[in-house]
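Please open the model in a viewer and keep the selection panel at hand. The stops below proceed from aromatic rings to a helix pair and then to a nonpolar core.

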Amino acid sequence: MSRVNFHTHTSRCKHAYGKDEEYVISAIENQYKILGFSDHSCWKYNTGFVSGMRMRLNEFDGYKNSILSLKEKYKDYIEIRFGMEAEYFPKYMEWMLDFCIKEDIDYLILGNHYNKSDELGCYYGHCSYNRINDYFEDCIKGMETGMYAYLAHPELILRSHRWDENIEMGFHRICQKAKELDIPLEYNVLGLQMNMRMNKEMYPHKKFWKIASFYHNKAIIGMDAHQPRDLDAELYDLAFYHLSKYDVEIVKDIPKIDYQKIKKNFNKK
């Protein structure tokens, strides 16, 4: 089976483990064709806030140099892509867009973890019920920017709350918008591991993927690797088996995002 993964973290995010090269070696051993690094993005906060769950701005150069060096070193064995996982933080999106252009980022994936920013906003994995609609709004507005290759773990809100009519309506909105914009939705394998370990369905969630089937969405498998062993081929194949049950198109590549073009459109607004 041809395996690809664009959702890979590094120890710089403070909750992943292993050396960058160990992820590459694991990917090669498990017969991945493409490995995309997408550590939790740095942001330039106006307040000087220092996050405990993401790469810091002064660590970015080391991240970039490491990934590009590994890309060259292992070019005969695997294709390596250079990206980040980022939220939709309205007041910082212009900064992020300029940063992606300056640093020649291949892609961002939309990981909708926080409302507004993690300086003051709530974490959607542990938020109050009155923030549910904010979660869906942020997913949709983030996708509408055109800056993201796909939406990671779209069911993250289910870490906080049980499925109900309001959440179901929100997932319909996400799937409908993703279809309209031709943006894939991620089947998250780290979440699948958690579901199996806890014997509890949070994400990925069968009901969500039934909605995605209704809209005939594109889907992508994301290992969300936080340690090299998360790239285990058996986990990827298990996810592919489950995802294949739904009426979705499983994609195995993403385009390099043209941030210069997005910037031109941004300036026209």
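Across the whole structure, a search finds 22 aromatic pairs, where rings of Phe, Tyr and Trp (its six-membered ring) pair if their centres lie within 6.5 Å. Planes under 30 degrees apart count as stacked, over 60 as edge-to-face and the rest as tilted. This is a predicted model, in which local features need pLDDT of at least 70 and side-chain atom pairs count only at pLDDT 80 or more, while totals for chains, interfaces and linings use all residues. Residues are numbered from 1 along each chain as its sequence is written, and side-chain values use heavy atoms, with hydrogens and water left out.

Select Trp43 and Trp95 to begin: their ring centres are 6.3 Å apart and their planes stand at 35 degrees, so the pair is tilted. Trp43 lies in the loop between strand S2 (32-40) and H2, and Trp95 in helix H3 (residues 93-103), 52 residues apart. Helices (H or I, at least four residues) and strands (E, at least two) are DSSP runs, numbered from the N terminus. Trp43 has a relative accessible area of 4% and is buried, whereas Trp95, at 22%, is partly exposed. Here buried means under 20% relative accessible area, exposed over 50%, and partly exposed in between (1.4 Å probe, protein chains only).

Next, select Tyr63 and Phe82. Their ring centres lie 5.7 Å apart with planes at 45 degrees, so this pair is also tilted. Tyr63 belongs to helix H2 and Phe82 to strand S3 (residues 79-86), so the pair ties together parts 19 residues apart in sequence. Tyr63 is buried at 0% relative accessibility, and Phe82 is buried at 3%.

Now display helix H1 (residues 20-29) with helix H2 (residues 60-73). Their axes, lines fitted to C-alpha atoms over the stretch in contact, come within 10 Å and cross at roughly 35 degrees. Which residues make the contact of H1 and H2? They are Asp20, Glu21 and Val24 of H1 with Ser66, Ile67, Leu70 and Lys73 of H2, contact meaning heavy atoms within 4.5 Å.

Of its 90 residues, Met84, Leu108, Phe171 and Trp209 touch the most other members.

Technical notes: Axes fitted to C-alpha atoms, helices over the stretch in contact; angles between N-to-C directions. Core = buried A, V, L, I, M, F, W, Y, C linked by side-chain atoms within 4.5 Å.
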